[in-house]
Structures are given as structure tokens and as C-alpha cells.
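Welcome! Take a moment to look over the model shown here, and then we can walk through it together.

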Amino acid sequence: MLKLKNREALNNFRNNILSKHQEKDKKLISLCAGSGCGAYGTEKVYQTLTEELAKHNLQDEVEIKLTGCHGFCEKGPIMVIHPEGIFYPQVKETHIPNIVEKTIKNGEIDKSLAFKDHITKKKIFHEEDIPFYKLQQRIIFGNNGMIDPTSIKDYISVDGYTALDKVLFEMTPDEIIDEIRKSGLRGRGGGGFPTAVKWDSCRKHEGERYVICNADEGDPGAYMDRSLLEGNPHSILEGMLIAARAIGSNQGYIYVRHEYPLAVKNIETAINQAREIGLLGKNILHSDFDFDIHISRGGGAFVCGESTALMASLEGNPGRPRAKYVHTVEKGFRQSPSLLNNVETWTNVPVIINKGADWYSRIGTEKSKGTKIFSLVGKVVNTGLVEVPMGTSLRTIIFDIGGGIPKKKEFKAVQTGGPSGGCIPKEFLDLGVDFDELAKVGSIMGSGGMIVMDQDTCMVDVARYFLDFLKEESCGQCNPCREGIKQMLAILTDICKGNGKEGDIELLEEIGGMLQKFSLCGLGTSAPNPVLSTIRYFREEYEAHIRDKKCPAGVCKPLFHYEIDPKACKGCQACAKKCPEKAITGEKKKTHILDRQKCIKCGICYDICKFNAIIIR
Amino acid sequence: MSKIIVDEQYLEIIEGTNLLQACLENNIYIPNLCYLKERKEKNASCRLCFVEIEGMPKPVTSCTLDVEDGMVVRTDTPAVRRLQRTAFQLLMSVHEVDCAHCPANKKCELQKIARFLKLGLKPKGLDHSLRELETDHDHPFLEYFPHRCVLCGKCIYVCKKRNGRPYLTFAGRGLDTQISFFGDKDPLKLPCAECLACTLICPVAAIIAKTDT
């Protein structure tokens with residue numbers, strides 16, 4: 001590839017790509033090759049599709065694009081046929097001949113393969129009409145389905161690097177920071193700190209300044225950063241370049257998890273391509289601006305997502321946070337002024353520069369601007385990545401976009417913000433999700449994890465589960481986090497086993513309160529959130545465990561048993577057939593009997609009974 | 001000079017002095033374990049030296065603050081004491097209380113803090129469980145007792161300062177964190193026999209010279 005020597009060369013390069021696209025007016029098959037769809041078998045689908053197109057001699061007329069994550073991971077592998085936007089979910093190799101014959105050759109839709117809406121039971125044929133996508137506003141994530149992440153040409157063709165062009169030749173550093181300030185952008189890593197304030201204070205400190213991307217996404221169940229790294233890596237580089245120009249930095253780092261192999265590969269490819277074409281390196285586009293980016297792979301410690309621990313790890317030291325009485329914008333990586341932002345924050349930057357702060361700040365709420373990507377997982381019909389304007393209600397996200405709770409069960413709570421987020425009960429379903437509203441109900445935005453829980457979830461067990469995770473991830477440096485998490489976990493484990501005592505709730509609140517306010521770093525201060533929020537909203541469930549020795553949700557095995565409701569039992573034998581311990585007996589059409597001595601409380605009968613005749617006592 | 005008020009006492013302190021240091025030098029005791037005057041980067045990990053400062057919304061660690069003119073500090077508010085008691089009890093939940101057989105007896109920082117906070121040494125209501133490893137005999141000159149250690153890190157700092165490089169480090173994560181010796185075990189190549197700085201600085205006799213056992 002030729003090195004782009006100046007801004008005219010970049011423009012010509014883009015126009016060239018675009019004119020080729022228009023010339024041919026090709027059909028384009030976009031096939032998701034993100035980690036989720038990949039696991040469902042994109043590779044095989046791709047191979048079969050290539051062969052099938054060749055068989056029909058269509059290989060020159062139809063372009064196949066292996067893209068990053070489209071977001072609707074529940075239905076992978078996902079195929080979208082452009083320009084019509086025909087949507088095929090859960091595509092298998094065996095579907096390919098039909099798709100090629102009907103849709104590609106004859107322009108018809110194969111209705112048997114089309115998406116069926118969970119609620120209306122109607123078939124929907126076009127991507128834009130599917131409720132999961134329809135209610136989203138995908139300003140950050142939208143290009144994921146359109147571009148091949150390993151091609152810089154694709155990124156440039158969707159106006160990639162126009163924002164860089166603009167800041168290099170039309171804006172001063174002050175104007176860049178001002179634009180970010182006016183946009184109201186806040187850090188997407190969890191804290192929600194105003195991005196422009198961070199940039200501005202880093203710029204004011206003297207020394208070799210560093211721009212760092214926090215791609216150490218460690219929350220179980222959250223993968224929006226991964227999907228951006230995998231699906232649109234150049235947008236992250238462009239964001240970092242813009243910040244580097246604004247604060248006067250020549251070196252950048254991306255700290256990314258080693259467990260994200262595709263993300264590492266794609267971001268590496270992107271950096272190499274940008275260097276080759278002259279968008280990273282010395283004298284970028286002849287603007288006298290030098291900037292290069294290096295990758296550092298993290299070993300997977302949750303605490304390394306904390307800024308000071310990340311920088312320690314980047315230096316080659318153990319990933320331990322330090323007390324932040326001196327901020328990293330003053331003394332961070334190598335004791336130098338360091339600007340750290342999260343992946344999603346970086347990808348917002350080119351959008352703001354391109355479309356303007358006025359446009360951007362019209363999206364969202366008064367104090368939280370723009371959109372946020374959530375990873376919607378757990379007991380919800382449509383799991384996947386969802387990008388909505390800040391302020392969108394939990395109800396819209398979970399019920400309209402997410403399709404509600406499967407198996408006609410009741411919604412119980414949603415945990416936002418990863419393992420150290422709080423659990424929000426149903427009375428707050430109409431809460432508009434932004435940084436401040438979540439904080440008010442005792443949770444956090446975090447990086448945008450959203451775990452939906454149904455009626456069969458025990459909130460004490462949930463708190464225990466997350467603390468067990470955090471116990472392993474505490475770095476062990478500060479006393480409240482190291483010993484406090486362990487103590488809280490011991491109390492919760494006792495409660496779940498039926499050994500809870502009066503005063504346990506108060507002790508949890510005491511230790512939790514101490515951790516929340518006075519631990520050394522963000523891991524410790526947010527660690528008690530799952531405990532404190534479940535006590536706040538589900539105190540009666542704790543009391544049932546401690547006083548009545550009952551687990552109302554039927555999760556903590558020592559604290560419940562199953563019974564058969566004789567009024568509801570139809571004698572269908574479905575449960576008796578599936579019971580691994582043969583604990584259920586009974587003749588056809590007669591009420592069955594459950595032998596509590598034999599029952600191991602595996603819950604198979606409870607799940608299988610269509611008549612709700614298995615009850616938790 | 002900065003004029004500050006600590007617990008209704010008027011003090012004149014050189015501007016920029018560490019607040020915890022200033023208090024200690026003026027006989028105002030604030031419980032602490034990991035603070036060292038000469039260490040530039042404060043560990044702030046024992047979470048004991050809390051104070052309340054007028055104008056700040058919640059208690060703060062005094063070791064991470066410098067004195068500023070006009071500061072009004074309280075070291076003994078109920079909020080501060082409550083925090084210190086919880087933090088101290090958490091520390092004691094992994095400490096083997098066997099003072100009679102401990103070389104630190106009567107000069108132990110933990111005994112001093114317990115007396116000051118009017119607390120017993122055995123934590124009430126908390127799960128008391130000790131680390132897996134009881135004693136580390138690995139080092140030719142030193143013995144390490146994880147059941148006594150409060151992980152203040154002072155030993156690592158003085159070792160590095162005295163010898164140009166540390167022979168000690170934090171090892172492990174989370175609950176398994178402990179102090180570990182690393183590098184050459186050849187007694188002739190170790191400065192430890194003459195140094196013993198770590199044993200002198202340890203507030204709880206978690207590292208002692210083999211000759212003392």
C-alpha cells in the first residue's frame with residue numbers, strides 16, 4: 001500500500017474506494033465473524049457460501065464480507081444481505097444452497113429461514129424491522145456490521161479517519177478539547193468522569209505524555225469492548241490519535257486481555273495497516289505530528305482494569321493499584337502524565353468530531369450524553385449487545401429490545417455494571433439508565449454489563465456468587481478489600497447453608513459500608529455493591545434464609561424442598577420419566593408422589609412440569 | 001509555616017509536611033501500620049490512619065495528605081473510630097493471637113492499637129481463619145510468620161533502601177498474599193546476616209532472625 005503523504009492523498013484514496021463500490025453495485029453478504037457467531041460456526045458457513053457462489057458462477061457479482069459482531073449474539077451466526085438488508089439468523093451450511101438459489105439469484109426471501117419474533121410470533125425479513133435493532137441507536141456500533149475489520153480500506157470508506165484529518169488541519173488542540181467538552185462525553189469505563197476534563201488536565205502537566213487505551217474488559221458477561229476491538233479496531237486508533245494531537249503525545253499503548261485472541265489479532269492488523277499507510281508513525285499526513293501505538297497484553301487480572309494497576313502492569317510490575325492522591329494525568333505510566341480512556345470512550349471521539357458536539361449532545365440525558373452499549377445477558381430472550389441513548393429505560397432495554405424473560409417467568413432483578421454492580425428490582429424498571437440514575441439506586445454503570453435475573457434467582461446466592469469472584473480478584477494489598485470480602489463471603493456462605501444468625505445482615509452492612517467508602521481502589525469500593533443492594537431491595541429474602549431457614553427461590557439446597565401440588569398435577573409422568581433418582585412415582589392421570597428422601601433437588605422436574613405442579617417449599 | 005488545628009490544638013507546621021507525620025511529631029497518635037516517613041510513595045494499605053478534615057465529605061487517610069494552611073483536623077470522631085475498629089478487627093481476623101509466645105509481645109504495634117482503640121485482640125463476630133502457611137523457614141538467616149504478618153510492606157522498602165535492591169517481595173494475590181524471599185539462597189551472597197533491617201522495622205515480629213528463634 002502506498003503511504004498517504006498528505007490530506008489530499010487520503011481524500012483521493014477514499015474517493016477511489018467509493019467509486020469502485022458504486023461502479024459494480026454488487027450484492028453484499030455480511031456474515032458475522034465475531035467471537036459469538038464464530039463459536040456457532042461462521043467459518044463453515046463462509047466456506048460453504050464461497051463454494052456455492054462459485055458453483056453458480058456468482059463469485060464476481062456477490063461480495064462476502066466477514067464482519068465483526070452485529071450484536072444479536074443469541075441468533076448467531078448472523079447473515080445480512082445488502083442492499084435490501086435481508087436478515088437470516090442462525091445460518092447453517094445446509095441453508096446455503098437455498099439462500100443462494102432463492103435470495104441471491106432470484107431476489108426472494110426464504111421465509112422458512114427468516115427471523116421469528118418471540119412475542120408476536122410473526123416472521124420478520126429485514127434487519128431494520130427487527131425489534132432488537134429497531135429501538136437501538138447504533139452510532140458507535142453501527143459500522144460493525146458493514147465493514148471488514150481487517151481492512152483499513154473498509155474503514156476509510158465509511159468516513160474513517162476524516163475526523164483525524166479534521167483535527168490535524170482545521171482544529172487547534174484547544175478547539176478539539178472544547179468540542180469534546182461541549183459534547184458532554186463521559187468515560188465509558190465505569191466512572192463516568194468527564195472526558196474533556198481528563199484530557200485538559202493531562203495536557204497541562206509537563207513531561208512525555210502517554211495516551212493509553214484500557215481494553216482490559218474483565219466483567220463476566222460483558223463484551224462490548226471486545227466486540228469493538230474485534231469489529232472496528234480503526235475507530236479506536238482514530239480516537240487515540242485525536243486525543244494525542246489534543247494533548248501533545250507521541251506514544252500510545254493499548255492494554256488488552258490476552259484471552260481475547262481475535263481482538264488482539266485485529267487490533268494488531270489495524271495498527272500495522274495504519275503504519276503502512278502513514279496514519280501512524282512520523283509526520284502523519286505531512287502535519288508534523290508523530291504518533292505510534294503499541295500493544296501490551298494483560299494476563300487477565302480483574303484489578304488491572306483499574307487505572308493505576310493497569311499502568312503498573314504496563315510497566316512490567318505486579319498489577320497492584322496505588323493510592324491516587326496523585327492522579328495519573330499528572331504521574332501515571334513511567335511517572336509521566338498519562339491519559340487513559342476505555343475502548344468505548346475512544347470510539348465515541350471520532351463520531352463527535354465528525355458530527356459535531358451539538359449533534360452529539362442532543363442524544364442522551366442532561367448529564368449523560370450520547371449512547372451506551374450494554375451487554376444484555378442472563379434470563380432474557382434476546383441476549384446480545386445493545387446500543388441505546390443514555391436515559392433509555394430498563395424496561396425498554398429488557399422487554400422491548402431484549403424480548404422479556406423466557407419461559408413466561410417473572411422478572412426479578414437486573415444487575416448492572418459487572419460483578420461489583422448492584423441488583424435493581426422491578427420497581428425501578430422505568431428508570432432511565434444513565435450514570436447518575438444508576439448511582440441513585442445503589443448500582444453503577446460499570447462498563448455496561450446487564451445481567452437479567454428471573455423469579456428463580458436467589459438474591460443471597462447471587463451476592464455470594466459475585467463475592468466469590470471478587471475474592472479471587474482482590475489484589476491483596478489493602479486490608480478492607482482483602483479481609484473484608486473474605487469475611488462477607490463467609491457470612492453469605494453460612495446464610496446460604498442455613499447457618500445464618502441474627503446480626504449477620506447488620507455485620508454485612510457494617511463491613512460493606514467500610515469497604516465501599518474506604519478501600520484503596522475501585523475494586524474494593526465497588527465490591528460490596530452486590531451485597532448492599534440485595535440487602536436494600538431483598539432484605540426479606542435474607543431474613544427468610546436466616547430466621548425461617550427457607551430459600552424462597554429454591555436455590556440454596558439445604559433451605560428448601562420440592563413438593564407436588566395435587567391440585568395442579570395432571571399425572572403426565574413427564575417429571576417421573578426425567579427424575580435421575582427415580583424419586584417421583586405415580587400412574588398416568590393420577591397425582592404423582594415425590595419421595596423427599598430420594599430427591600437431590602436437581603430441579604429437573606421443576607423445569608419440565610408444564611402445569612406448575614412442582615412447588616418450592 | 002502553616003497553621004493548622006488538630007483536635008482543638010493549634011499547631012504550626014512546615015508547609016508540605018505529611019499530615020500523619022505532623023500529628024505523630026506533636027504527640028497526637030493516629031493508629032497506623034504501613035506508614036514510613038522516608039517512603040515517598042505512601043502505601044496507604046492498612047487503612048487505619050483515618051481523620052476527618054473540615055470541608056471534606058468523608059474521612060480520609062492522613063498518610064496521603066500534606067499539611068495545608070488553615071486545615072482543621074479531627075482524629076477522634078465517632079466515624080473515624082468506627083472505621084478504625086472495623087479495619088483493625090479485619091486485620092485481627094487473620095492474626096494468630098499468641099502474644100505469650102511472640103517476640104513482639106509488649107512492643108507490638110497491634111497491642112498498642114488495640115489498647116488505643118479499647119478493643120480486644122480477638123475480633124468479635126468475624127470468621128477467624130489463618131493463612132495456610134504457618135512458617136516459612138526457607139531463608140538461610142530469616143524466619144517468616146504469615147500468621148503474624150500484617151502485610152504493611154515496610155520490610156520490602158527498607159531492604160531495597162539498604163541493599164540497593166529488594167531481597168523481599170509481595171507474592172501471591174488476594175488472601176494468599178504474603179512476603180516472600182527471592183533470588184540467590186547462597187548464604188555467602190546474601191547481605192542479610194549483617195543487615196537484618198527487615199526484622200528491625202517489622203511492627204509485629206513477622207520476620208525475625210533465625211538466631212533469635
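Q: How many salt bridges does the rule find across the interface of chain B and chain A?
A: This is a predicted model, where local features need pLDDT of at least 70, side-chain atom pairs count only at pLDDT 80 or more, and totals for chains, interfaces and linings use all residues. Residues are numbered from 1 along each chain as its sequence is written, chains are lettered from A and ligands numbered from 1 in the order in which they are written, and side-chain values use heavy atoms, leaving out hydrogens and water. A salt bridge here is a side-chain nitrogen of Lys or Arg within 4 Å of a carboxyl oxygen of Asp or Glu. Across the interface of chain B and chain A, the number found is three.

Q: Which residue forms a salt bridge with Arg82(B)?
A: Arg82(B) is in helix 2 of chain B, which meets helix 20 of chain A. The closest N and O atoms of the salt bridge are 2.7 Å apart, and the partner of Arg82(B) is Glu510(A).

Q: Are helix 20 of chain A and helix 2 of chain B roughly parallel or roughly perpendicular to each other?
A: Helices are DSSP runs (H or I, at least four residues), strands are runs of E (at least two), and both are numbered from the N terminus. Helix 20 (residues 504-518) of chain A and helix 2 (residues 78-92) of chain B pack at about 105 degrees, with their axes 10 Å apart; axes are lines fitted to C-alpha atoms, for helices over the stretch in contact, and angles run from 0 to 180 degrees between N-to-C directions. Angles under 35 degrees count as roughly parallel, over 145 as roughly antiparallel, 65 to 115 as roughly perpendicular and the rest as oblique. Helix 20 of chain A and helix 2 of chain B are therefore roughly perpendicular.

Q: What is the area buried between chain B and chain A?
A: Contact means heavy atoms within 4.5 Å, and 32 residues of chain B are in contact with 31 residues of chain A. Buried area is the accessible area (1.4 Å probe) that two parts lose on being put together, summed over both. Carbon and sulfur atoms give 54% of the total, which is about 2700 Å².

Q: Which strands stand at the edges of the open sheet in chain A?
A: Five strands form this sheet in the order 12-11-15-13-14, with mixed pairing; two strands pair if DSSP finds at least two bridges between them. Each edge strand has a single partner, so one side is left without a neighbour in the sheet: these are strand 12 (384-389) and strand 14 (423-425).
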